[in-house]
Amino acid sequence: MIASKLMQFKQSGEKLAMLTCYDATFAKLMVEQGVDILLVGDSLGMVLQGQADTLKVSIQEMAYHTSMVRAGAPHAMIVTDMPANSYEHQSADALRNAQALLAAGADMVKIEGGGNTIACTKYLVDHGIPVCGHLGFTPQSVHQLGGYKIQGKTDMQAHQILHDALALQEAGASLLVLEMIPAALASQITAALSIATIGIGAGVNCDGQVLVLHDLLGIYTGPASGKTFKSPRFVKNFLSAHGSIQSAISHYVQAVKTAEFPGKEHSY
Ligand code: KIV
């Protein structure tokens with residue numbers, strides 16, 4: 001059971017190293033290098049499909065990539081993103097979509113946001129689907145949020161994110177991704193929750209970290225739109241100093257486990 005494995009990490013204090021993964025070859029390699037959780041992220045819309053955001057990714061595409069990741073990593077913990085418009089309401093559609101991802105090989109689905117997502121989390125969990133929440137900057141809401149902006153900077157926003165985190169846990173979520181929020185807020189949320197938190201641009205005190213594979217390798221340079229692309233502050237290229245993909249991933253895992261990554265320079 002994925003929820004009890006995650007609980008063991010939280011209780012022991014061992015940090016969780018998560019990385020996005022989209023195919024069988026990388027899945028096998030990541031397991032060999034000690035990655036704890038493979039995230040089939042809808043970031044694939046950007047890093048594989050070349051789109052400007054994650055909004056056009058379909059449930060069929062997520063299931064397809066999940067099945068490849070599962071083929072390469074039969075025993076790994078796999079979390080798969082439910083893409084935009086596949087879970088917005090607590091409905092039979094959301095449940096069918098989540099079940100399709102589990103049938104493709106996911107152990108858990110990830111859904112973004114507070115608000116309606118909290119009721120949807122409870123609905124899915126009540127129907128036997130393990131759920132990971134995702135708060136702070138939520139890429140599927142990039143346009144509503146006015147772009148790639150740090151969330152939770154005001155007291156009111158910070159209070160709302162903490163409130164949503166507790167509500168997601170209460171609704172039955174077993175894991176929570178925190179993206180682009182102040183490190184102090186992520187630390188407070190991590191201490192308040194009994195479920196594990198995974199940070200991306202959320203400071204070193206989360207229970208684990210996640211990066212997009214292409215960012216860790218330093219090969220994502222934005223969509224082919226001609227606009228100048230600047231990597232976010234939380235990204236670290238592990239390939240440049242370590243010579244091979246295997247070594248880059250293994251150093252990422254070690255840096256997460258020893259809390260060397262993320263440093264202050266990667267945090268807000
Ligand atoms: O899709 C993705 O890769 C994600 C990470 C940014 C956490 O959701």
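Modeller: Buried means under 20% relative accessible area, exposed over 50%, and partly exposed in between (1.4 Å probe, protein chains only). Tyr220, at 13% relative accessibility, therefore counts as buried. The model is predicted: local features need pLDDT of at least 70, side-chain atom pairs count only at pLDDT 80 or more, and totals for chains, interfaces and linings use all residues. Residues are numbered from 1 along each chain as its sequence is written, and side-chain values use heavy atoms, with hydrogens and water left out.

Colleague: How many aromatic pairs does a search of the whole structure find?

Modeller: Rings of Phe, Tyr and Trp (its six-membered ring) pair if their centres lie within 6.5 Å; planes under 30 degrees apart are stacked, over 60 edge-to-face, and the rest tilted. The search finds five such pairs. One of them, Tyr220 with Phe229, is edge-to-face, at 5.3 Å centre to centre and 85 degrees between the planes. Phe229 has 33% relative accessibility, so this residue is partly exposed. In the pair of Phe238 and Phe261, the centres are 5.4 Å apart and the planes at 80 degrees, which means edge-to-face again. Both Phe238 and Phe261 are buried, and together with Tyr252 they form one aromatic cluster.

Colleague: Which residues have the most contacts inside the largest nonpolar core?

Modeller: Such a core is a set of buried Ala, Val, Leu, Ile, Met, Phe, Trp, Tyr and Cys residues joined through side-chain atoms within 4.5 Å. The largest has 73 residues, and Met30, Leu38, Val79, Leu124, Leu175, Leu216 and Tyr252 have the most contacts inside it. Apart from it lies another core, of 20 residues, including Ile118 and Leu193.
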